[in-house]
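This note sets out several points on the nonpolar and charged contacts of the model shown below. Please read each point alongside the coordinates.

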Amino acid sequence: MELDFGKELGATEPPLGQRLTLYIPNKDRVGALIPNHDRWAKEAQELLTLIGGGATAFPPVDGTWQQPDGNVLWEQTRVIYTFADPDKLIANFGRLHEFLHRFGRETGQGEVVVEFDGRFWCIRQFDSAREV
């Protein structure tokens, strides 16, 4: 079947193909609830909106994380994504880096994860505060 999908739908812009997803858990590395979790999720969604022109956040979903001692931590995780505009991603890359490392430091995460273009990245060592 030959079909110009965008043309048939009346799309005026080419598709954005690289999905950028942030995972914002509601607990720290030892299982304590994160104060102001909604504020962190909102900040993440606002940042992704700058990068993709809009963002979608799922309601909290069940997540698990295997702690270094082997125990499994159950948490509620907000999954927030956008389809990145390459120029906006590059322009906001410093802000993305700063947010992810600040989230990890300030909420006591064992790791912070990011999914980009079908690849999953884990950050386990967080930078100290830096200018954006």
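1. R102 is buried, with a relative accessibility of 14%; here buried means under 20% relative accessible area, exposed over 50%, and partly exposed in between (1.4 Å probe, protein chains only). The model is a predicted one, in which local features need pLDDT of at least 70 and side-chain atom pairs count only at pLDDT 80 or more, while totals for chains, interfaces and linings use all residues. Residues are numbered from 1 along each chain as its sequence is written, and side-chain values use heavy atoms, with hydrogens and water left out.

2. Which residue meets R102 in a salt bridge at 2.2 Å, N to O? The partner is E43, where a salt bridge is a side-chain nitrogen of Lys or Arg within 4 Å of a carboxyl oxygen of Asp or Glu. This pair links distant parts of the chain, with R102 in helix α4 and E43 in helix α2, 59 residues apart. Helices (H or I, at least four residues) and strands (E, at least two) are DSSP runs, numbered from the N terminus. E43 is partly exposed, at 23% relative accessible area.

3. A salt bridge also joins the side chains of E98 and R102 (2.6 Å, N to O). Both residues belong to helix α4 and lie 4 residues apart, about one turn of the helix. E98 is buried, as is R102.

4. The side chains of R124 and E111 form a salt bridge of 2.7 Å, N to O. R124 is in the segment after β6 (119-123) and E111 in the loop between α4 and β5, so the pair ties together parts 13 residues apart in sequence. R124 is exposed, with 57% relative accessible area, whereas E111 is buried at 16%. Shared partners join E43, E98 and R102 into one salt-bridge network. The whole structure contains 3 salt bridges.

5. The largest nonpolar core has 20 residues, among which L22, I24, F99 and L100 touch the most other members. Such a core is a set of buried Ala, Val, Leu, Ile, Met, Phe, Trp, Tyr and Cys residues joined through side-chain atoms within 4.5 Å. At least two of its residues come from each of β1 (19-25), α2 (37-52), α4 (93-106) and β5 (112-116). The greatest contribution is from α2, with 6 residues.

6. Leaving aside residues up to four places away in sequence, L22 touches A44, L48, R78, V79, I80, L96, F99, L100, V113 and V114; contact means heavy atoms within 4.5 Å.
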